[in-house]
Amino acid sequence: MFIGEVGQDTREEVDILQKGANYGWRLVEGNHCHNPATGCSFTGTTAPITEYHHSEGVSVLGGYVYNGKDVPSLKNKYLFGDWTGPVWYLQKAGSKWA
C-alpha cells in the first residue's frame, strides 16, 4: 500500500506501508532532519520511496498503480499528484521506485 504523507513544513513524501515500520514522522521530513533541524539520526527509520520540496507542490495526494489498457506507457506505474496540480509517476526499478 502506498502512503501519500503530507509534510510538516517543506517536504511531501510517498511511502510504502510496512508492518512495524518507523517512518520517522516528527523527527524527519522525507530524507531530511526536521526536529531537530540538523544532526538527527535516521537509525531505525524507513525512508520514503520519493519526496519533493514545497517549491514543487504543497500537499501530496495519493494515487494508484495504473493497470489499464488505454495508455500502455503508464502500465504498472504509480500515479500520484499534488493539490496544486502537478502529477507524477513512479515505476519499480529493481527493489526501488524511480
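Between which two strands is the loop that holds V58?

Mentor: Happy to! V58 sits in the loop that runs between β5 (50-53) and β6 (60-65); strands here are DSSP runs of E, at least two residues long, numbered from the N terminus. Before we go on, residues are numbered from 1 along each chain as its sequence is written, and side-chain values use heavy atoms, without hydrogens or water. The model is predicted, with local features needing pLDDT of at least 70 and side-chain atom pairs pLDDT 80 or more, while totals for chains, interfaces and linings use all residues.

Start with the surface. V58 is partly exposed, at 36% relative accessible area (buried is under 20%, exposed over 50%, partly exposed in between, with a 1.4 Å probe and protein chains only). Together with L61 and W83, V58 makes a nonpolar surface patch of about 330 Å². Patch members have over 30% relative accessible area and no salt bridge, with nonpolar side chains joined within 5 Å and like charges within 9 Å; a salt bridge is a Lys or Arg side-chain nitrogen within 4 Å of an Asp or Glu carboxyl oxygen.

β5 runs antiparallel to β2, and four bridges join them (strands pair if DSSP finds at least two bridges). Here V14 stands opposite T50 in β5. β2 (residues 11-16) is mostly covered, with five of its six residues buried.

On to β1. Four bridges also join β2 to β1, again antiparallel, and E5 stands opposite E13 in β2. These two strands form a hairpin with five residues between them.

The structure holds six aromatic pairs, counted when ring centres of Phe, Tyr or Trp (its six-membered ring) lie within 6.5 Å; planes under 30 degrees apart are stacked, over 60 edge-to-face, the rest tilted. One of these pairs, F2 with Y78, is stacked, at 3.8 Å centre to centre and 5 degrees between the planes. F2 belongs to β1 (residues 2-5) and Y78 to β7 (residues 78-82), so this pair ties together parts 76 residues apart in sequence. Y78 is buried at 1% relative accessibility, whereas F2 is partly exposed at 23%. F80 and W88 make a tilted pair, 5.5 Å centre to centre with 35 degrees between the planes. Ring pairs link F2, Y52, Y78, F80, W88 and W97 into a cluster.

Technical notes
Accessible areas come from the Shrake-Rupley method with a 1.4 Å probe; for residues, only the protein chains shown count as cover.
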